[in-house]
Number of protein chains: 4
Amino acid sequence: MKSRDYKAALAPMREELAAMARWAQATGQRIVVLFEGRDTAGKGGAIRAVSEKLNPRQCHIAALAKPTEAEQSQWYFQRYVRHLPSAGEIVLFDRSWYNRAGVEKVMGYADAPQVARFLEQAPTFEKMLVDDGILLFKYWLGTDQAQQEERLRERLDDPLKRWKLSPVDLAARGKYDAYTEAREAMLAATHTEWAPWTLVDFNDQKRGRLTLLRDLLDRLPDTRVAPPQIDFPPLGREPKVERYTVIEPIESFPSD
Amino acid sequence: MKSRDYKAALAPMREELAAMARWAQATGQRIVVLFEGRDTAGKGGAIRAVSEKLNPRQCHIAALAKPTEAEQSQWYFQRYVRHLPSAGEIVLFDRSWYNRAGVEKVMGYADAPQVARFLEQAPTFEKMLVDDGILLFKYWLGTDQAQQEERLRERLDDPLKRWKLSPVDLAARGKYDAYTEAREAMLAATHTEWAPWTLVDFNDQKRGRLTLLRDLLDRLPDTRVAPPQIDFPPLGREPKVERYTVIEPIESFPSD
Amino acid sequence: MKSRDYKAALAPMREELAAMARWAQATGQRIVVLFEGRDTAGKGGAIRAVSEKLNPRQCHIAALAKPTEAEQSQWYFQRYVRHLPSAGEIVLFDRSWYNRAGVEKVMGYADAPQVARFLEQAPTFEKMLVDDGILLFKYWLGTDQAQQEERLRERLDDPLKRWKLSPVDLAARGKYDAYTEAREAMLAATHTEWAPWTLVDFNDQKRGRLTLLRDLLDRLPDTRVAPPQIDFPPLGREPKVERYTVIEPIESFPSD
Amino acid sequence: MKSRDYKAALAPMREELAAMARWAQATGQRIVVLFEGRDTAGKGGAIRAVSEKLNPRQCHIAALAKPTEAEQSQWYFQRYVRHLPSAGEIVLFDRSWYNRAGVEKVMGYADAPQVARFLEQAPTFEKMLVDDGILLFKYWLGTDQAQQEERLRERLDDPLKRWKLSPVDLAARGKYDAYTEAREAMLAATHTEWAPWTLVDFNDQKRGRLTLLRDLLDRLPDTRVAPPQIDFPPLGREPKVERYTVIEPIESFPSD
């Protein structure tokens, strides 16, 4: 998709996102969106598309670090639970508890009973959140291996993307089918009435982002909450200018 | 500044930022950057310029919510301390402990002895962090009231920016001079050898961002850390394509 | 029960508790014990009987403060989850998530749908913990109102116990039956195969503590783990005495 | 000291402690007490003497676990800061930030520059807390090696105390003088006007506890705060008795 077309389609959705955030704030909604998917599919970009125009004090991104040894010994969901939203908050999970059914399973970080227990507990856990009134959305971003290869190569070559390339990513190249299989098992166990998965094709990342955003916005109630009326009278005097007495600003970057 | 010129100047700085982040990771550096300044100056945009291409698991944005009643009764720095970085981390404070010397002072949320104590403790607190090896940078973003008025008006009119407009912002319109005075007192008390302030003119926000970024990069050691050597052999077989059996991806956003 | 008899019966149980703690440490068990019950029944004393000879770095007491406004808006179990044990830890809950089915229900802090949802979720929540391997014990301490009245009076008169007397306690005097009813509803909904309740008569608190302790110890596996072999050779020289040069100890309390 | 004399002397102090806690609550005081000292001196018992009759929701014991790898890389005081009290709270530190000047120095867990930086920062850190209004008390409990040897032997032989015996304790037997030296360096650097140390002889632990308690109580203002007036009318009807319908209490421990 061309950048211009992407931006044109994105602009009105951004306004809808802003309206949704205002509604969540005004009514105390709690919103959780999970971003899962194939490596390189474009989770980071999709999260940015949702969050970048929202208030960072309202919309949090939960990108958990590797668990500590103590955390590894706890109830599996424990370290995720502390990131769940308070009233009015939106939490975007950059990867989530589904790690256990994906990378941990395929790479052998979790054993078969752990994975089985996770697949059994996840729907129950999510039902509790949903019954508690949390609005939960689960997105899985898919991409063919041809695109994946291209993006891995780009990560290798582009210094700005180099940090995204981990040894695990490379090990995953030979495990495309194992990841597919893991995903199917995950969907079979956790695609529930109360917390369904939504699969989005991210072979074209811009289109993928629009698809995801459109779907998310369509599934949230279209309740308009007018922004608070604010009185903005003229200033009524000459605006002031900055005056510094202790230290001066540094020289500005050359304008040409 | 024109968007095209901005992007052209930004691109090489982004590569330097990526290199800096790699260096921080490799050597276990801890980096703290405070973003303070006049309302509407452009803190959010400046933070985004630093963070948007970095690993969110390495570069954290600390945008603290209003303190709870318990937090209000604690040692003033307590709730900030928990956001200080571990080895390899970069923390960008979207507003910081300097709230007390700015908005809290001007709006009367803190009383005179609290402000005085803060101005006395801040340099000491910061000296402890710096002596501990934390790299601390303090930026204050300035803007004339004419620009501020224009941006407030824009926040009022643009639904995407409406959330940025709070009653406090409007109350601040009549207190431009009081904020100036508070800032000067803050600079006089906390512009120290070990933790100096850097003032940046944000009357032109794009230029301001470049100025800040250039300064930050110039002050960090220019130590190159080569990315880990990664072997990327050809895949050696036909790349796989996504195959779904449980549920299918939703229809993609129309491409035209 | 007489103090002497109590101590005689308690002594061997303390050794069993110590052995149990060693076993938990050595095998990475996670143990959770909930202490619920009628006001003044003796939860605090029972908790002390379990904990007082154990390592405070292993055995934690979770006595949660009143929820903040943000916590009140979260998933009900969220603030409890963060106190769940890591490997080798024992957590004693001084009141627990069952607040919602007791005091919050009777005093009207939670509404009927909240209580209903709690009674539905609690067994599910606990099943997840138990299936994860956590050893969960739920004790409810009962006492007749005659004893309760006596103990309330004692709290009023004894300066050491005065802090235990809250206005809620007094309001509860007239609600003995409502509490009974709430407890029965709670038992009916949450006395499950995987997380059964144990009711203990605390009309005699000393006997109650022994009853509870005996039951807890009987239900934990009786696996002996020998303490690590430690070599303790003679010191082989004259023991040293304290010598102070900077400041001296303060004068000791008179010995007679 | 004989047990009977100890109890007789302790009883009135307990009432003073209760009054002090009420005063702290009513006036929003924040109290921090550090318990440091020679291994086996009796820190745990002293902490229990202070805390055991106080409200566990007001009086917290901070007994920190071994730092995680991330914590080890943070500003040294960071993990302690989060345990500092809110208004009305009393925090008893079972070992404290002074670990760095004691066990970490002697056992080589911290290097010389780390110890030197700690000794420089500790007074500054404490001054900030004290200037913020926190009431800070620092106790160091001393004991001659003869007593220490006896108590180590007891820990080895008494199953209830066995958990207190760590390999570090035994390694410390040969380092009595190194610990003395470390303590003297610590006192020289951190015995300040605003946060003085108090040394207490714990060769007799009961006397030591009374000495410490007496000193603590004498240094806290003797402000009486009357407990809130509470109206306790007669119940006015027959007290109820427990009636169980779902399950019955388990059989009580035999009374003879």
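Contact here means heavy atoms within 4.5 Å, and by that criterion 24 residues of chain A are in contact with 24 residues of chain C. The legends below describe a predicted model.

Figure 1. Chain A and chain C share 14 residue pairs in polar contact, with both residues at pLDDT 80 or more. On the side of chain A that touches chain C, helix H4 (78-81) and helix H6 (112-131) of chain A each supply at least two residues. H6(A) provides the largest share, nine residues. Sorted by class, this side of chain A comprises 11 nonpolar, six polar and seven charged residues.

**Figure 2. A salt bridge between chain C and chain A.** The rule finds two salt bridges across the interface of chain A and chain C. The view shows C:Arg117 paired with A:Asp132, with the closest N and O atoms 3.4 Å apart. Because a salt bridge requires a side-chain nitrogen of Lys or Arg within 4 Å of a carboxyl oxygen of Asp or Glu, a pair of this kind is counted.

**Figure 3. The relation of chain A to chain C.**

**Figure 4. The interface of chain D and chain C.** Chain D contributes 82 residues to this contact and chain C contributes 83 residues. The area buried between chain D and chain C is about 7,200 Å², and 60% of it comes from carbon and sulfur atoms. The rule finds 39 residue pairs in polar contact across this interface, both members being at pLDDT 80 or more. Among the elements that give two or more residues to the side of chain D that touches chain C are helix H1 (3-27), strand E4 (135-142), helix H7 (145-157) and helix H10 (205-219) of chain D. The largest share of that side, seven residues, comes from H9(D). Its residues divide into 40 nonpolar, 12 polar and 30 charged.

**Figure 5. A salt bridge between chain D and chain C.** Eight salt bridges are found by the rule across the interface of chain D and chain C. In the one shown, the side chains of D:Arg57 and C:Asp94 meet at 3.7 Å, N to O.

**Figure 6. The two-fold relation of chain D and chain C.** Chain D can be laid on chain C by a turn of 180 degrees and a shift of 0.0 Å along the axis, with an RMSD of 0.0 Å. That is the relation of a two-fold axis. The same surface serves both copies, since 100% of the contact residues of chain D recur in chain C.

**Figure 7. Chain pairs that do not touch.** Chain B and chain C do not touch, and their nearest C-alpha atoms are 8 Å apart. Chain A and chain D likewise do not touch, with nearest C-alpha atoms 8 Å apart.

Figure 8. Over all chains, the structure holds 80 salt bridges.

**Figure 9. The annotated region of chain A.** UniProt, in an unreviewed entry, places the feature "domain: Polyphosphate kinase-2-related" at residues 2-223 of chain A. Over these residues chain A is 52% helix and 13% strand. The end C-alpha atoms of this stretch are 32 Å apart.

Note on methods
Residues are numbered from 1 along each chain as its sequence is written. Chains are lettered from A and ligands numbered from 1 in the order in which they are written. This is a predicted model: local features need pLDDT of at least 70, side-chain atom pairs count only at pLDDT 80 or more; totals for chains, interfaces and linings use all residues. Side-chain values use heavy atoms; hydrogens and water are left out. Buried area is the accessible area (1.4 Å probe) that two parts lose on being put together, summed over both. A polar contact is a pair of N or O atoms within 3.5 Å; within protein, one must be able to donate a hydrogen and the other to accept it, and residues adjacent in sequence count only if both atoms are side-chain atoms. Helices (H or I, at least four residues) and strands (E, at least two) are DSSP runs, numbered from the N terminus. Ala, Val, Leu, Ile, Met, Phe, Trp, Tyr, Cys and Pro count as nonpolar, Asp, Glu, Lys and Arg as charged, and the others, Gly among them, as polar. Copies are superposed by least squares on the C-alpha atoms of residues with pLDDT of at least 70 in both. UniProt positions are given in the numbering used here, feature names are shortened, and annotations may be inferred rather than shown by experiment.
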